[in-house]
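User: I have a chain open on my screen and would like to go through it with you. Could you keep the answers in plain sentences?

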Amino acid sequence: MAIKFSDIFGTNDIMNNPKLEELFNKTRDMAETVSKKSAEHLEISRKKVECLDAKTKLARLYEKFGELQYDLYIGEPVEQSELDEIADRIALLKEKIDTLTAEIDEAKAQFNEAVTTATKKTRDAFQKEFDKINKNEVTVSADEVEVTEANNPE
């Protein structure tokens, strides 16, 4: 739903200016783009948390594996199946971490590219408008300008 600038700020003639309306629309479009990109950034953050959780679990498994290896070294009985299970879980977590890291890197790259593209597109649109305004710049002759002395507010 498109909101008109005049709907927000009243019906003043200045507010009904099509240039201001266009500026408002471009700004709103950029805000919507930023909002969408924020949601994508939130997904990246979720994956980072999931990756950190997997790394924490991996550290605990390494610790447990090391304890079992030490027990084996000092001659205490250790079930080989327990060592195998922990080694398998370590391998799965390492694979999960690698996958998440790759997904995070890809999502970051896509996010940065999309934000750069949206920013460039908006900048170009504003630059185009600015150039139009400069081409249609109104010149004022010296006879039309009144020069007054500045008052010193004390």
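User: Leaving aside its neighbours within four places in sequence, which residues is Lys-47 in contact with?

Analyst: Lys-47 is in contact with Leu-100, Glu-103 and Ile-104 once those neighbours are set aside, where contact means heavy atoms within 4.5 Å. Please keep in mind that this is a predicted model, in which local features need pLDDT of at least 70 and side-chain atom pairs count only at pLDDT 80 or more, while totals for chains, interfaces and linings use all residues. Residues are numbered from 1 along each chain as its sequence is written, and side-chain values use heavy atoms, with hydrogens and water left out.

User: And is Lys-47 buried or exposed?

Analyst: Lys-47, which lies in helix H2, has a relative accessible area of 17% and is therefore buried (buried is under 20% relative accessible area, exposed is over 50%, and partly exposed is in between, with a 1.4 Å probe and protein chains only). Across the protein chain, buried residues make up 16% of the 154 residues.

User: What does the secondary structure come to?

Analyst: The protein chain has three helices and zero strands, and from the N terminus on its elements run α-α-α; helices (H or I, at least four residues) and strands (E, at least two) are DSSP runs, numbered from the N terminus.

User: Switching topic, which residues line the largest pocket?

Analyst: The lining consists of Lys-26, Asp-29, Met-30, Thr-33, Thr-117, Ala-118, Lys-121, Thr-122, Ala-125 and Phe-126. A pocket here is an open set of points on a 1 Å grid over the protein atoms alone, where a 1.4 Å probe fits, with protein on both sides within 12 Å along at least five of seven lines, and lining residues have an atom within 4 Å of a point.

User: Which helices supply that lining, and what is the volume?

Analyst: Helix H2 (18–73) and helix H3 (80–135) each supply at least two residues of the lining, and the largest share, six residues, comes from H3. The volume is about 170 Å³, taken as the space filled by probe spheres set on the grid points, which are joined across faces, edges and corners.

User: How far apart are Thr-27 and Thr-122?

Analyst: Thr-27 and Thr-122 are 95 residues apart in sequence and 8.4 Å apart in space, C-alpha to C-alpha. Thr-122 is one of the residues lining the largest pocket, whereas Thr-27 has its place in helix H2 and counts as partly exposed because its relative accessibility is 43%.
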